Protein chains: 2
Amino acid sequence: MNVLWVFAHPEPRSLNGALRDHGTATLRRHGHRVRHSDLYAMRWNPVAGPADVAHDPREPLRLGPATEHARATGALAPDIRAEHAKLDWADTLILQFPLWWHGMPAILKGWFDRVFVQGYAFGVHDAEGRARRYGDGGLTGHRALVVTTAGARATGLGPRGVHGDAEDVLFPLLHGTLFYSGMDVLPPLVITGADRAGPAEHARAAARLDDRLTALPTAAPIPYRPERGGGYDDDLVLRPDLAPGRTDLAVHRT
Amino acid sequence: MNVLWVFAHPEPRSLNGALRDHGTATLRRHGHRVRHSDLYAMRWNPVAGPADVAHDPREPLRLGPATEHARATGALAPDIRAEHAKLDWADTLILQFPLWWHGMPAILKGWFDRVFVQGYAFGVHDAEGRARRYGDGGLTGHRALVVTTAGARATGLGPRGVHGDAEDVLFPLLHGTLFYSGMDVLPPLVITGADRAGPAEHARAAARLDDRLTALPTAAPIPYRPERGGGYDDDLVLRPDLAPGRTDLAVHRT
């Protein structure tokens with residue numbers, strides 16, 4: 001497999017840094033190719049804005065159409081184009097980050113804001129002009145694995161835990177971004193108690209990561225319902241006969 | 001009221017820009033004081049890292065303790081201190097942004113990453129050493145209103161909609177950040193169909209915003225359960241007799 005490993009932690013001498021190095025070695029030992037986007041090391045700019053496109057400041061900026069046009073004409077910022085080239089090379093995406101305020105660090109959120117542009121990861125249409133999204137889209141053919149560390153204990157990020165279940169908290173990324181753009185999304189690896197982890201917990205986290213990386217080519221993705229053929233009506237609402245009476249996020253899984 | 005309005009849109013000549021100006025005028029007409037953090041105009045740096053603190057690069061960076069120490073010793077970066085001064089002045093926080101990839105633009109996510117530091121918005125303890133969070137914390141006494149625009153249509157962001165219900169999609173912000181740090185969190189104002197909005201939709205959005213701003217001092221917050229006294233056990237899991245048998249995010253509301 002061709003794996004793009006996107007890493008968003010400010011300190012390589014951390015549990016996250018150790019897991020990234022360990023996981024990269026594991027993948028290579030299994031014969032996979034690995035490239036990295038180490039966002040802090042790259043000094044990645046996470047702020048989407050007029051500098052991403054050849055924008056005429058006399059006109060109001062509409063970022064979606066502007067980035068789509070810039071991409072089509074080769075005028076998209078070089079750092080974004082470089083990430084597109086990596087994504088086009090890769091068939092697998094690993095996103096590794098510490099969970100900050102129950103989401104991605106800004107530097108990684110802004111990787112999506114700037115790289116997942118209109119016409120590439122959203123606003124993609126088929127020959128009949130229908131939107132391709134949720135289970136089909138610009139990133140179809142990629143699988144994605146989220147690896148995140150949290151200071152919280154496991155129970156607090158589990159079912160009925162005070163922080164919300166990790167898969168629900170990560171829904172905007174797992175479903176609303178990765179599945180939206182057509183990827184197969186594997187269950188996330190959530191390493192809890194990271195703030196208090198000693199050598200034994202580090203070793204256990206590395207072993208859990210190894211298991212997930214070994215299974216990467218064959219693991220079953222989260223069974224999210226595709227937008228087309230998955231049971232949504234013309235208003236994009238799930239048909240009443242599916243998961244009847246429920247309104248929780250898990251209705252979007254089969 | 002003293003309102004801090006945090007605005008995260010790259011284009012003032014947009015629906016978002018018009019709503020911000022309109023809402024500011026409404027608040028002032030009602031006798032409230034308003035200050036702004038216009039993150040794009042300020043060229044806010046959203047990347048939390050060693051430059052936020054007086055960090056010795058020979059030592060591994062542990063951002064939580066490092067920022068807490070820097071704040072205590074006056075060594076926190078001046079732009080963060082300026083936001084703390086605004087928050088200390090304010091009793092009300094308005095967060096306005098376009099919904100990008102089902103979350104905040106990176107520039108706003110990084111406002112939380114950098115401003116909501118340990119000892120200020122998390123890792124705050126009472127006299128007995130117990131964590132103050134979820135309904136009590138460093139930002140207790142503030143109320144918060146989220147105003148967001150989305151390209152999606154309303155049904156898709158409603159119950160059983162393909163994108164997930166807006167309050168669930170925003171759970172990491174509403175519950176995991178704002179309520180976590182002790183604020184009273186009002187139901188968000190979600191303006192859908194923003195990509196296709198003409199003058200009539202703009203006027204309707206402004207009227208909806210006016211209604212919410214007029215009710216700002218008295219509106220009932222989302223009835224999230226507080227961590228302490230709200231029915232969580234010592235593992236931070238909701239007691240089985242509350243919302244029995246359910247595992248959705250709404251169990252965290254009374």
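In this predicted model, 12 residues of domain 1 of chain A are in contact with 10 residues of domain 2 of chain A. The domain assignment puts domain 1 at 2-221 and domain 2 at 223-254 of chain A. On the domain 1 side, Arg133(A), Phe171(A) and Phe179(A) supply 39% of the area buried against domain 2, more than any other three residues.

**Charges and helices between the domains**

There are 3 salt bridges across the interface of domain 1 and domain 2 of chain A. Glu167(A) and Arg253(A) pair up through their side chains in a salt bridge, with 3.1 Å from N to O. The two domains of chain A also share 5 residue pairs in polar contact. Which helices of chain A each supply at least two residues of the domain 1 side that touches domain 2? They are helix H6 (166-169) and helix H7 (171-179). H7(A) gives the largest share of that side, 4 residues. Sorted by class, the domain 1 side has 6 nonpolar, 1 polar and 5 charged residues.

**Where the two chains meet**

Now for chain B against chain A. The contact takes 68 residues from each of chain A and chain B. Together the chains bury about 5300 Å², and 60% of it falls on carbon and sulfur atoms. On the chain B side, Trp101(B), Arg160(B) and Val162(B) supply 21% of the area buried against chain A, more than any other three residues.

How many salt bridges cross the interface of chain B and chain A? The count there is 0. Polar contacts do turn up, though: 40 residue pairs across the interface of chain B and chain A are in polar contact. On the chain B side, the elements giving two or more residues are helix H5 (106-115), helix H6 (166-169) and helix H7 (171-179) of chain B. H5(B) gives the most to that side, with 6 residues. By class, the side of chain B that touches chain A divides into 36 nonpolar, 14 polar and 18 charged residues.

**A closer look at H5(B)**

H5(B) is mostly covered, with 10 of its 10 residues buried. Among these buried residues are Trp111(B), Phe112(B) and Val115(B), along with the charged Lys109(B), Asp113(B) and Arg114(B). What covers the buried residues of H5(B)? The cover includes helix H5 (106-115) of chain A, and from chain B it includes strand E1 (2-7), helix H2 (39-42), helix H4 (78-89), strand E3 (92-98) and H7.

Arg114(B) has a partner of its own. Asp52(B) forms a salt bridge with Arg114(B), the closest N and O atoms being 2.9 Å apart. This pair links distant parts of the chain, with Asp52(B) in the loop between H2 and helix H3 (63-72) of chain B and Arg114(B) in helix H5 of chain B, 62 residues apart. Both Asp52(B) and Arg114(B) are buried.

**Salt bridges in the whole structure**

A search of the whole structure finds 32 salt bridges over all chains. Here are four of them, with the N to O distance for each.

| Glu167(A) | Arg253(A) | 3.1 Å |

Is Asp126(A) buried or exposed? Asp126(A) counts as buried because its relative accessibility is 19%, and buried means under 20%. Arg130(A), at 43% relative accessibility, counts as partly exposed.

Arg130(B) counts as partly exposed, at 43% relative accessibility. Back in chain A, salt bridges that share partners join Asp126(A), Glu128(A), Arg130(A) and Arg228(A) into one network.

How values were computed. Residues are numbered from 1 along each chain as its sequence is written. Chains are lettered from A and ligands numbered from 1 in the order in which they are written. This is a predicted model: local features need pLDDT of at least 70, side-chain atom pairs count only at pLDDT 80 or more; totals for chains, interfaces and linings use all residues. Side-chain values use heavy atoms; hydrogens and water are left out. Domain bounds come from an automatic or database domain assignment. Contact means heavy atoms within 4.5 Å. Buried area is the accessible area (1.4 Å probe) that two parts lose on being put together, summed over both. A salt bridge is a side-chain nitrogen of Lys or Arg within 4 Å of a carboxyl oxygen of Asp or Glu. A polar contact is a pair of N or O atoms within 3.5 Å; within protein, one must be able to donate a hydrogen and the other to accept it, and residues adjacent in sequence count only if both atoms are side-chain atoms. Buried means under 20% relative accessible area, exposed over 50%, partly exposed in between (1.4 Å probe, protein chains only).
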